[in-house]
Structures are given as C-alpha cells and as structure tokens.
Amino acid sequence: DRFIGNEIIIRRTDENVRTSWTAYGFTIASIFYLWTTCLLLYSGLRYYFNSRISLLTIILTVLIQGVPLFAFRRPVFSHIFEIFMQSVFLFLLLRVNKVGDCVIPGRQFRGMREAMCVGLLIGLITLVRINNIILSLTWPILLFSFYYPRVTISRIVKMVIVSYLSMAVLVFIFQALPIFCNMSDFHQYRGYFSHDLVRLHLTSFYNPAFYIKRIGHVLWGHDWGLIFTAPYLLLGFFSLIIIRKEKIFVYLLWLLIPMSVNLYLILVRQQQGCWYGYRHLIFSFIPVIAYPMASLISVLKQKRIIFYYAVIALAAIPLLSMMSFESNNSNLTLKLMNQGHCDFWGNPTYQLEIYKTLVAAPVSYMSGILKGGPLYLAYLALIFSGLDKYLPEIVRDKYQVFEWSTLIRTLIIYLLPFMLLLIYKKAAATDRSHP
C-alpha cells in the first residue's frame, strides 16, 4: 500500500479498504489457515482411513458447514484461527494414538521441550478465543497421558505444569502486558470479561424448561438450526457410539467436557452471534467429531451403501444454506432485531426463505449465489475473447473497468490451495510413518 501510494496509509474509507493490499493480506491469511486446517485433519485421518473416506469427511465436516464463509467474507472474526489450532491438536492426538511416538514428532523423547511447545500452542488457543480456555487446559493432560506407563505420573504432572506456565507467559505478553502499558483501555477489557462472557452468560442460570426449549431451537430452529447449518456436527457426535470400543473414544469423550462451555454459551446467549450459524460452538467442535464422522462413513460404505449415499446427499441442505447467505439484501441476509435486553443481527426464518426464494424467483436466486467467483470468471472469459460487448448488465455494474490487481488477487486465491497441496504431498512423501 505504501509502494503504490494507497490513501489508506493516511485515512481509511470503504473504497480504499476494498483496494488495499494490506486488507487483502488479512483475507489471504484467513484462507491459508482454512486450507491448512483441511490438510491437518486430512493428514490425521489418513492414519486410519483411506484417502477417499478422509477427503469426503473433510468436505462434509469443514467445507460445506459454513466455515468457508468466515475465511473468505469475514476474516476479521477469529474462528478460522480457532478451528486451525484445534486441528493442530487433533492431528497430534490422532498421530500419537496410532504411531505411539512422541507428541511432538522427533527421534527421541524430550519431555520438557514438548511441554513448552504444547504450552505455547494452548496459549495461542486461549489468545484466539478466551471461551476455549478450559479446552486449552485439557489438551496437555490428554496428550501427555499417552506416555504412561513409559513415563511416571509425577513426570507427566511436571510436564503439564510446564505447559501451563508456558501458556501463562504467552498470555501475559500478548494480553496482560499491553493492558498494563496502556491503562486507559483497561475498562474495555474489564467490560469484556466481567460483563459479556461471565456475568451475563457463563454465570447465568435458568429453569429446566428454558434449557429444553433452547436446545430444541439450536437443533432445528428455522434461523440457524444445526440440522440446517451443520448436520454433520450432529451425525459426528452420535457416531461416537461406533468407536466406543476404541482407545481414542475416551480422549474424544473427555474433550466434550470443555465443549459444553461453548454449548452453554449459545444456549444462554439466545442468539447465534450476529452472523452465520452458531459460530461459538461449530469451529471448536468440528475437529473433535472428524474421526467419528469418518468412522460412520467408512462403516456405511462397507455395510449400508444406501445410507452412505444418503449421508452424502444430506450435504445439499447446509450447502444451500451457506451459498445463499447474503446473496440478496432483503430476505437472505441479516436484519437488526430486539431480544429484550439487547439488539442483535439475525433472521428468524432464514432457512425457510432459501426455498421460498428458490421456488418464487429461481433466476434471481441463482444470480445471487453465483455473483462472486463464477461471475468474475465469466467476465474474464468474455474480456479476453473480445466479446465484452455481450457482458450482462449485472457484470457491467460490478466490473466497470478491468483491473490487473483484481485478476492477480483472484489468481492467488484460486491457486493457493493447489500450492499448499503440492507442498503437503512433498512433505508427506518424506514421512515414513504416514500412510
């Protein structure tokens, strides 16, 4: 931005943010961590399943349950980094459970170094999303327990303590120290912890009827019900019963305890988080259910082929929900609503509006969900073939002037996953322990 003299280095406007390479870099970072998450989960599942089952699991659990929306269109949210950090630990868990090697891959056991590395990783989880702090504290206990009885319990306890201390140092440097250095902003942090998360939500208690009603709404509500936005989250959860005799079942079961914090948060908050889906739950939960979901797919493919294809066909529901979001500025987006004690952005009939629009105005609906990348690719094809005079009105309005910078950015976005896949294949080829 400084090199090309972008106005954003002096003042920020909607227009110069749109053309800013700095803002674009933020988006690229989010997209990078999305694809890296997919590769991590895929790599972990490959220790147990073939490539087809592993790939299908990633597509169903990660790529069609709303996650890409946050990577491409809301990189300012921290959820992509949240699911990435969770996937790092799931990969380590799946690997050490299968290979029986060190938690941090290496030729020999180095307990305290591993403890410090794990501590820095759980520190990052805590910094990314404070509501995952209990989950962060759980990971060292689960991972280091694999060393028993090779390593004594007292040594494992020391490793866990070292991880917690490393985590505390990281949180102090990046969270506490900036507050101490700028006490004028302390009231913002105090309000965030004491008012929003703790006093109003995590310490709120209601009668049993409230929780039953809220659970029902979270499951099949017409706004963001999980059966519409993340059905494979539910299938993966119930598929835990399939792996109940496996060793990893116990570890995944223990992870459900800290997951209950995020579930309780969306129950008592009584809203989805002012954007798409129940984002406070989905991103931390998806990596946990990846293995049981892959187990379900594997079993169905071998014994119940009809149900196998039914599970795949189910993908149409969350895919339409994700693709339709914000495709117009009327019934397929959010509006400001009042909850009684606060205002928030939501849409109580969003899932119904998708199919109403699809039936009533199919052309407008298809134009809405294809107005991004596919529209630009059609624009490029007509421009470079010299047929730009045939450009539809909607394309002319969106791309009035051809810009090389837009083309370069688009190519980077579309080529990035293939470059990462190439790097992954070269790295995997050198790992003899990996299938």
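Predicted model: local features only at pLDDT ≥ 70, side-chain atom pairs only at ≥ 80, totals over all residues.
Local features need pLDDT of at least 70 and side-chain atom pairs pLDDT 80 or more, while totals for chains, interfaces and linings use all residues. Residues are numbered from 1 along each chain as its sequence is written, and side-chain values use heavy atoms, with hydrogens and water left out.

**Exercise 1. Classify the ring pair of phenylalanine 32 and tyrosine 33, and state how accessible each residue is.**

Step 1. Rings of Phe, Tyr and Trp (its six-membered ring) pair if their centres lie within 6.5 Å; planes under 30 degrees apart are stacked, over 60 edge-to-face, and the rest tilted. The structure holds 31 aromatic pairs.

Step 2. For phenylalanine 32 and tyrosine 33 the ring centres are 5.2 Å apart and the planes stand at 80°, so the pair is edge-to-face.

Step 3. Buried means under 20% relative accessible area, exposed over 50%, and partly exposed in between (1.4 Å probe, protein chains only). Phenylalanine 32, at 31%, is partly exposed; tyrosine 33, at 26%, is partly exposed.

**Exercise 2. Describe the span, bend and burial of helix α14.**

Step 1. Helices (H or I, at least four residues) and strands (E, at least two) are DSSP runs, numbered from the N terminus. Helix α14 covers residues 279-303, which is 25 residues.

Step 2. The expected span is 1.5 Å times one less than the number of residues.

Step 3. α14 bends by about 45° at isoleucine 286, with proline 287 following within four residues.

Step 4. Of the 25 residues of α14, 21 are buried, so the helix is largely enclosed by the rest of the structure.

**Exercise 3. What does methionine 112 contact beyond its neighbours within four places in sequence?**

Step 1. Methionine 112 sits in helix α6 (residues 111-128) and is partly exposed at 30% relative accessibility.

Step 2. With contact taken as heavy atoms within 4.5 Å, the partners are Arg155, Lys158, Met159 and Val162.

Step 3. Arginine 155 is 43 residues away along the chain, and its C-alpha is 9.5 Å from that of methionine 112.

**Exercise 4. Which residues do salt bridges with shared partners join into one network?**

Step 1. A salt bridge needs a side-chain nitrogen of Lys or Arg within 4 Å of a carboxyl oxygen of Asp or Glu; the count is 4.

Step 2. Glutamate 326 bridges to arginine 73, with the closest N and O atoms 3.1 Å apart. Glutamate 326 is in the loop between α16 (316-324) and β1 (335-338), and arginine 73 in the loop between α4 (67-72) and α5 (79-99), so the pair ties together parts 253 residues apart in sequence.

Step 3. Arginine 74 also forms a salt bridge with glutamate 326, at 3.3 Å between the closest N and O atoms. The network therefore consists of Arg73, Arg74 and Glu326.

Conventions: Bend = angle between axes of the 7 residues up to and from the residue.
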